[in-house]
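Open the model in your viewer and keep the selection tool ready.

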Amino acid sequence: MSPPRWTGIGGRPMPSAGKVLAYTGLVALALLVLAPVLWTALSSFKTSTELSLRPPRLLPESFRPDNYVDALGRFNFAVYLRNSVLVTVAATVLTLVVNTMAAYALAKYNFRGRTTLFLVILGTIMVPLQVIFIPVYQVVADLGLVNSLWGLIIPAAATPTGVFLLRQYMLTIPDELIEAARIDGAGEPRIFLRVVLPLCKPALAVVAIFSVVWRWNDFLWPLVVAQDEHTYTLQVALARFAAEEVVPFNLILAMSVVTMAPVVVVFLFMQRQIVQGIAQTGFK
């Protein structure tokens, strides 16, 4: 008679040792990543005296929102928030428009040099912004877009990563479906808008989320282009705020929490779309 098998909750077999170790490692890594975020959120309620304590304390003495009230009083938050929202939304919409059209042409049209063009686009992923910083700034200056929100929106509209993701997803759409629409008399714009785009919703969601995160957190390009306080985004304004002679770290931490909150909320609500879209586009 064989010995009884240990079972988990509901009669399920106990997980293997390898799976337990894997989940333990993942939980440990998650806690390691979340620890600075948690410390920042808790420290945003501390006073300057509490922040200078050694050894530091995790919890503040009280959870009063004094730091947030004081920071919003010294920090022209409404203007900077408006600029960040306008730049993020407009750049995301423009990115989706440009990337979807480029991806559709590379996925569903046969023309000479298509593969070479796609490889060139992929190659630009490896080119850092610092390499093309001066020529891009010169173009923006010649167009008169320096110190304007359009100078923050337009240059980063086309992203090679977005083109790649959308192109890989569009390759999974059957060509017969598009040919059937053409036989029924649908024109190319109608096929693109009524047939292709509705089928690309998961990939569009991924590109939109990535664009929101990139644009919201962008610092280097807005730091150079936005030369007036009325065009500062939150990231630039926060850096200027931290450059004062007497650095109010408690207020900076409060504004840091406010700045990163929208990105965290977007990720929490859209994480399923991110996973599904990446899985279906074949992006590894």
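Axes here are lines fitted to C-alpha atoms, for helices over the stretch in contact, with angles from 0 to 180 degrees between N-to-C directions. Helices are DSSP runs (H or I, at least four residues), numbered from the N terminus. This is a predicted model: local features need pLDDT of at least 70, side-chain atom pairs count only at pLDDT 80 or more, and totals for chains, interfaces and linings use all residues. Residues are numbered from 1 along each chain as its sequence is written, and side-chain values use heavy atoms, without hydrogens and water.

**Stop one: a helix pair.** Select α5 (residues 114-123) and α8. Their axes come within 8 Å and cross at roughly 135 degrees. Now show Phe118, Ile121 and Leu122 of α5. They make the contact (heavy atoms within 4.5 Å) with Pro160, Val163, Phe164, Arg167 and Gln168 of α8.

**Stop two: the second largest pocket.** A pocket is an open set of points on a 1 Å grid over the protein atoms alone, where a 1.4 Å probe fits, with protein on both sides within 12 Å along at least five of seven lines; lining residues have an atom within 4 Å of a point. Select α1 (17-43) and α14 (249-281), which each give two or more residues to the lining of the second largest pocket. α14 gives the most, with seven residues. Among the lining residues are Val33, Leu34, Met260 and Phe267.

**Stop three: the largest pocket.** Select Leu129, Ala156, Ala158, Thr159 and Pro160, the closest to its centre of the 20 lining residues. α6 (129-142), α8 (160-170) and α11 (201-217) each supply at least two residues of this lining.
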